[in-house]
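Student: Can you walk me through a few local features of this one? Keep it quick.
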Number of protein chains: 4
Amino acid sequence: MASHHKRVIAVVGSSKPAAATLELAREVGRLVVASGCSLVCGGLGGIMAAACEGAQQAKQELLTSTPGLDPPQVIGVLPAADKAAANPFVDVVIPTGMGYTRNALVVLAADAVIALEGGSGTLSEIAYAWQFGKPVAALVPSGGWAARLAGEQLDDKRGDRVFSADSPAAAVTYLIDRLG
Amino acid sequence: MASHHKRVIAVVGSSKPAAATLELAREVGRLVVASGCSLVCGGLGGIMAAACEGAQQAKQELLTSTPGLDPPQVIGVLPAADKAAANPFVDVVIPTGMGYTRNALVVLAADAVIALEGGSGTLSEIAYAWQFGKPVAALVPSGGWAARLAGEQLDDKRGDRVFSADSPAAAVTYLIDRLG
Amino acid sequence: MASHHKRVIAVVGSSKPAAATLELAREVGRLVVASGCSLVCGGLGGIMAAACEGAQQAKQELLTSTPGLDPPQVIGVLPAADKAAANPFVDVVIPTGMGYTRNALVVLAADAVIALEGGSGTLSEIAYAWQFGKPVAALVPSGGWAARLAGEQLDDKRGDRVFSADSPAAAVTYLIDRLG
Amino acid sequence: MASHHKRVIAVVGSSKPAAATLELAREVGRLVVASGCSLVCGGLGGIMAAACEGAQQAKQELLTSTPGLDPPQVIGVLPAADKAAANPFVDVVIPTGMGYTRNALVVLAADAVIALEGGSGTLSEIAYAWQFGKPVAALVPSGGWAARLAGEQLDDKRGDRVFSADSPAAAVTYLIDRLG
């Protein structure tokens, strides 16, 4: 029997981003789900909530356009032990009670990672994505650690680079291509 | 905006159960999803795979009978860091790379817990369900730690007891009633 | 070069025990350290603090009687992310920020486990000790889950039993003998 | 009663560093312990083992020069669940079974962090140190992510910067001063 689980793309980024980044995050969320992938993130606010909102919107469109579809899901891996902390766009809440240590689990739940803007929390997630061997795309127009690491080879354990993406579409297209 | 996440019921039990327990687990899985709840488990074999198989079957029936439905999901919280370890009936794979320490995370992801048969791993999950304040039902006919703890008050931090269930239907009905 | 790390014995038990159990816990702590082993526990109050207090007392005696000794240590693996939560008798504080999920880490840090009294938290730790293959001794006079599981084979993955100990000395002697 | 636990400084860095970095790491280890602090690291090889070796050497000197002292400890927080993976200079082994997710726990166990050289693993640890509010010093001569982040403010959640240290002594002196 074929496995039922779908490709999953993580979105990592600031909880208090610039307004322009929120629109980028919504677009990333829409494109991830419209392409048939589930989305995972840290389940809280800012870039996380915006990506989930876009993903939910795309999911509702898929449900309407394709009756009987088992749709992609919006997954939130929370720092808290309590589900109530999840933003309202999350379908599957994974409360960890592990605080920021859950950053590693957000990345492990994904097959590939898109980074937007981002401070030290996002930096730890990009570093984990690299360590865990996941393809990473960074949205240059969002600024932050995403922009700083775009195009970089984080260490010599991998031969590729953080993909430097000019737009949400470029990031999603690159990762889906990498996942094959 | 209303939250999209559904009630989640965990199924915990042996990875190498008696054959009769597997049928009970499949029935539990079917009933959990038929009642509109998602199912979470450790994502591996034995009782976990049987519960996921029943849950997938019920999900496919829901998708056929209710076009446009956003169906309940089958969630597996794995000990491994690699998604490939999940049984083929899992929709949403959460690899933790934390070994048995992930038992706590299986329980945290649930609103209520059903135990079948079970050795020391299941015992740790029942204990965590109690600590985390989740309602627990134990299937008496399955034997193991589930049967031994059915009807027990594990400590005085809670006033209720592990519900002693004679059948999958009794267990699921009790928990859905508790969740309100 | 020989490894510097010492044998470590975990003490697991209630945070709000009966007064008589506190004296048993202090005696366990004293004996663990007097026998040259380090002690690990959850680092908080109740049985944990009493065991740490006894262990510190024995350590101070060793330092006086054996100048130049590198003494056993009192290790606390905390649920909180903040060291300030440790009881004052802990030497080495390991804050996890993982809540009760850290119970597994307390057990992993040990070569063997002694249980006193105990509710559902202690039950999860005894279950983990069994899963992780660590020898376990349970102090029967302390009551609680320790007394209930004394003499039991928790599942058939192991051929031994939870050692039924009538006294702190019996528990410590048994475990040190098992560790060889 | 005063708390028994000592200040703890983490050393983070590559498991396969340049030879020159190993000597810097040994010197860092020596200075941390000679100043009365315990040392924590990931417990494996490369920079971790070199720092532990220097720390053990300083500890043995303290034990000789100050009979009756309860000396600083060398703590290793391992990715594996098995203590045998620790390098031979570790006193207190904390096996986590959590893989790289334990990077966060290495940092949580410390009051301050020194980074040498380093690839993506070290990058995640520096990011966590920043998130968790721990003072960080980076050894510029070691290269790697340590050198790249020296002098940087990783995000605006903190007003300070990663301290740019020219030598082990500068790094240790700065952090002990910060810890007060």
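Student: Where is Glu117(B) placed?
Tutor: Glu117(B) lies in the loop between strand E5 (112-116) and helix H4 (120-131) of chain B. Helices (H or I, at least four residues) and strands (E, at least two) are DSSP runs, numbered from the N terminus. This is a predicted model: local features need pLDDT of at least 70, side-chain atom pairs count only at pLDDT 80 or more, and totals for chains, interfaces and linings use all residues. Residues are numbered from 1 along each chain as its sequence is written, chains are lettered from A and ligands numbered from 1 in the order in which they are written, and side-chain values use heavy atoms, leaving out hydrogens and water.

Student: What is phi at Glu117(B)?
Tutor: Positive, about 45°, although Glu117(B) is not a glycine.

Student: Is Glu117(B) buried or exposed?
Tutor: Buried, because its relative accessible area is 13%. The cut-offs: buried is under 20%, exposed over 50%, partly exposed in between (1.4 Å probe, protein chains only).

Student: And what about Glu117(C)?
Tutor: Its phi is near 45°, positive in a residue other than glycine. Glu117(C) sits in the loop between strand E5 (112-116) and helix H4 (120-131) of chain C. At 14% relative accessibility, Glu117(C) is buried.

Student: New topic. How many aromatic pairs are there over all chains?
Tutor: A search of the whole structure gives 14. Rings of Phe, Tyr and Trp (its six-membered ring) pair if their centres lie within 6.5 Å; planes under 30 degrees apart are stacked, over 60 edge-to-face, the rest tilted.

Student: Why is the pair of Phe163(B) and Tyr174(B) called stacked?
Tutor: Because the ring centres are 4.0 Å apart and the planes are at 5°. Phe163(B) is in strand E7 (residues 163-165) of chain B and Tyr174(B) in helix H6 (residues 168-179) of chain B, eleven residues apart. Phe163(B) is partly exposed at 26% relative accessibility, while Tyr174(B) is buried at 18%.

Student: Which residues do ring pairs link into a cluster?
Tutor: Tyr100(A), Tyr128(A), Phe132(A), Tyr100(D), Tyr128(D) and Phe132(D).

Student: What sits over the ring of Trp130(A)?
Tutor: The charged end of Arg158(A), 4.2 Å from the ring centre. For that, NZ of Lys or CZ of Arg must be within 6 Å of the ring centre and within 35 degrees of the ring normal. In chain B, the charged end of Arg158(B) is over the ring of Trp130(B), 4.2 Å from its centre.
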